[in-house]
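Subject: Structure for your review

Dear colleague,

Please find the structure below, together with its sequence.

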Amino acid sequence: MKWVNWLPRRLQHYIIRNSLRIVRFEGYELEIKLASNQQELESAYKLLHDAYVQLGIMDPHPSGLRCNIFSALPHTATIIASIQGRVVGTVSLIKDSEIGFPSDKDYADLNHQYRISGFQMAE
């Protein structure tokens with residue numbers, strides 16, 4: 001989509017975000033998009049919570065949701081996959097910021113090296 005390069009950055013993002021659509025998946029339309037409202041975010045965080053609990057990565061939380069401080073940052077994009085309006089997959093993309101990344105807990109030195117080398121990172 002090289003033709004979008006002459007458009008303002010915000011409009012470029014809008015066009016690209018709204019063009020992600022896979023036509024068919026097991027007889028249903030699978031839509032991949034940015035979560036754009038509270039219901040979609042809650043569905044994504046509930047799906048994540050349930051998967052983490054099922055895998056034994058975390059104990060059940062009373063809220064039934066799995067989110068953290070990074071989920072609330074303006075640098076974070078929560079992407080959902082849905083079939084007929086039901087969220088069936090999710091991934092979050094976190095742009096580097098003053099707060100850093102969740103992985104800084106385990107990879108602070110490595111991440112710091114990338115940062116000082118000028119890399120623009122996302123996790």
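A44 is located in helix 2, where helices are DSSP runs of H or I with at least four residues, strands are DSSP runs of E with at least two, and both are numbered from the N terminus. A44 counts as buried because its relative accessibility is 1% (buried means under 20% relative accessible area, exposed over 50%, and partly exposed in between, with a 1.4 Å probe and protein chains only). Leaving out residues up to four places away in sequence, A44 touches T78, I80, V87 and T90 (contact means heavy atoms within 4.5 Å). A44 and L65 are 21 residues apart in sequence, and their C-alpha atoms are 8.5 Å apart in space.

Before the remaining findings, please note that this is a predicted model, in which local features need pLDDT of at least 70 and side-chain atom pairs count only at pLDDT 80 or more, while totals for chains, interfaces and linings use all residues. Residues are numbered from 1 along each chain as its sequence is written, and side-chain values use heavy atoms, with hydrogens and water left out.

Overall organisation

The protein has three helices and four strands, and along the sequence they follow the pattern α-β-β-α-β-β-α. Of its 123 residues, 25% count as buried. Among contacts between residues at least 6 apart in sequence, 39% join residues at least 24 apart.

With a relative accessible area of 5%, H49 is buried. Its contacts, apart from neighbours within four places in sequence, are M58, P60, H61, G64, L65 and R66.

I79 belongs to strand 3. Its relative accessibility is 25%, so I79 counts as partly exposed. Not counting residues up to four places away in sequence, I79 touches I32, K33, L34, G89, T90 and V91. From I79 to L93 the C-alpha distance is 7.7 Å, across 14 residues of sequence.

Loop residues

- S36 lies in the loop between strand 2 (28-34) and helix 2. Its relative accessible area of 54% makes S36 exposed. S36 and T78 are 42 residues apart in sequence, with 8.7 Å between their C-alpha atoms.
- Q84 is placed in the loop between strand 3 (76-83) and strand 4. Phi of Q84 is near 50°, a positive value in a residue other than glycine. At 66% relative accessibility, Q84 counts as exposed.
- S97 sits in the loop between strand 4 (86-94) and helix 3 (104-116). S97 is buried, its relative accessible area being 14%. Beyond residues up to four places away in sequence, S97 touches L73 and H75.

Nonpolar core and aromatic pair

Which residues form the largest nonpolar core? The five are F70, L73, I94, F101 and M121 (a nonpolar core is a set of buried Ala, Val, Leu, Ile, Met, Phe, Trp, Tyr and Cys residues joined through side-chain atoms within 4.5 Å). When residues up to four places away in sequence are not counted, F101 touches F70, I94, K95, D96, N111, R115, M121, A122 and E123.

A search of the whole structure finds one aromatic pair. The ring centres of Y114 and F119 are 5.2 Å apart and the planes stand at 85°, so the pair is edge-to-face (rings of Phe, Tyr and Trp, the last by its six-membered ring, pair if their centres lie within 6.5 Å; planes under 30 degrees apart count as stacked, over 60 as edge-to-face and the rest as tilted). Y114 counts as partly exposed, at 37% relative accessibility.

The second largest pocket

The second largest pocket holds about 320 Å³ of space. On a 1 Å grid over the protein atoms alone, a pocket is an open set of points where a 1.4 Å probe fits, with protein on both sides within 12 Å along at least five of seven lines; lining residues have an atom within 4 Å of a point. Grid points are joined across faces, edges and corners, and the volume is the space filled by probe spheres set on the points.

Of the 15 lining residues, L48, Y52, N68, S92 and I94 are the closest to the centre of the pocket. Helix 2 (38-54) and strand 4 each supply at least two residues of the lining, and strand 4 gives the largest share, four residues. The lining divides into eight nonpolar, five polar and two charged residues (Ala, Val, Leu, Ile, Met, Phe, Trp, Tyr, Cys and Pro count as nonpolar, Asp, Glu, Lys and Arg as charged, and the others, Gly among them, as polar).

Yours sincerely
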